[in-house]
Amino acid sequence: MSLEGRYEPSPSEWVRDQVELYERTGGTEGNTLRDTGLPVIVVTTRGNKSGMIRKTPLMRVEHDGEYALVASQGGAPTHPVWYYNLLADPDSVTIQDGPEPSEVTVREAEDEERAVWWTRAVEAFPPYAQYQLKTDRRIPVFIATKRS
């Protein structure tokens with residue numbers, strides 16, 4: 001099942017192209033961050049202001065069937081737009097990690113749980129540690145759990 005509504009592709013060409021390739025090939029192509037070889041997933045949300053469907057490739061940080069969604073934005077001083085989409089509607093989210101998207105519910109990790117997931121995230125994508133050093137904000141980590 002997928003979110004219903006009109007899809008508004010990213011204004012960023014490389015993001016648009018990666019999402020299109022990932023979805024068209026069922027995740028067999030476009031499944032890594034550019035030329036790093038590090039795996040990505042596609043996260044679909046509903047825009048908190050527009051109501052439009054938004055799709056974002058994020059680093060794949062998975063553990064026991066749950067996923068961390070790290071709102072790093074490369075260490076920018078502000079949260080990425082999709083962060084606000086998750087806050088506004090945490091039950092209208094899908095993750096595609098392979099051929100088909102799965103419905104998930106998300107929640108922001110706090111305290112010890114965040115620390116554990118942050119370590120996993122840095123192990124999966126080491127630049128996250130540098131991103132945190134670049135910004136004064138604490139980079140949010142959401143946990144996405146598949147719905148039955």
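Visitor: Before anything else, what does contact mean here?
Guide: Contact means heavy atoms within 4.5 Å. The model is a predicted one, in which local features need pLDDT of at least 70 and side-chain atom pairs count only at pLDDT 80 or more, while totals for chains, interfaces and linings use all residues. Residues are numbered from 1 along each chain as its sequence is written, and side-chain values use heavy atoms, with hydrogens and water left out.

Visitor: Let us start with Val-19. Which residues is Val-19 in contact with, leaving aside its neighbours within four places in sequence?
Guide: Tyr-7, Val-42, Lys-55 and Pro-57 are in contact with Val-19. For Val-19 and Lys-55, the C-alpha atoms are 7.1 Å apart in space, although the two are 36 residues apart in sequence.

Visitor: Where does Val-19 lie, and is Val-19 buried or exposed?
Guide: Val-19 belongs to helix α1, residues 13–24. Helices (H or I, at least four residues) and strands (E, at least two) are DSSP runs, numbered from the N terminus. Val-19 is buried, because its relative accessible area is 1%; buried means under 20% relative accessible area, exposed over 50%, and partly exposed in between, with a 1.4 Å probe and protein chains only.

Visitor: Lys-55 came up there. Which ring does Lys-55 lie over?
Guide: Lys-55 lies over the face of Tyr-7, 4.7 Å from the ring centre. A charge sits over a ring if NZ of Lys or CZ of Arg is within 6 Å of the ring centre and within 35 degrees of the ring normal. Arg-120 is likewise placed over the face of Trp-117, at 4.6 Å from the ring centre.

Visitor: On to charges. How many salt bridges does the structure hold?
Guide: There are 7 salt bridges, each defined as a side-chain nitrogen of Lys or Arg within 4 Å of a carboxyl oxygen of Asp or Glu. One of them joins Arg-24 to Glu-20, with the closest N and O atoms 2.7 Å apart.

Visitor: How are Arg-24 and Glu-20 placed in helix α1?
Guide: Arg-24 and Glu-20 are 4 residues apart in helix α1, so about one helical turn separates them. Arg-24 is exposed at 56% relative accessible area, whereas Glu-20 is partly exposed at 42%.

Visitor: And which residue does Glu-62 bridge to?
Guide: Glu-62 forms a salt bridge with Arg-60, whose closest N and O atoms are 4.0 Å apart. Salt bridges that share partners join Arg-60, Glu-62 and Asp-97 into one network. Glu-62 is partly exposed at 32% relative accessible area, and Arg-60 is partly exposed at 29%.

Visitor: New topic: helix α2. Which of its residues are buried?
Guide: In α2, residues 81–88, the buried residues are Trp-82, Tyr-83, Asn-85 and Leu-86. They are on the same side of α2 because they cover an arc of only 160 degrees around the axis, the arc being that of the directions from the helix axis to the C-beta atoms. Val-81 and Ala-88 are exposed on the other side of α2.

Visitor: What covers the buried residues of α2?
Guide: The cover includes β1 (40–46), β2 (53–59), β4 (66–70), β5 (93–96), β6 (101–108) and β7 (141–146).

Visitor: Last one, the aromatics. How many aromatic pairs are there?
Guide: The structure holds 6 aromatic pairs. Among them, Phe-125 and Tyr-128 are edge-to-face, 5.0 Å centre to centre with 75 degrees between the planes. Rings of Phe, Tyr and Trp (its six-membered ring) pair if their centres lie within 6.5 Å; planes under 30 degrees apart count as stacked, over 60 as edge-to-face and the rest as tilted. Phe-125 is buried at 6% relative accessible area, and Tyr-128 is buried at 3%.

Visitor: Which residues do ring pairs link into a cluster?
Guide: Trp-118, Phe-125, Tyr-128 and Tyr-131 are linked into a cluster by ring pairs. Tyr-128 and Tyr-131 both lie in helix α4 (residues 127–134), 3 residues apart, about one turn of the helix.
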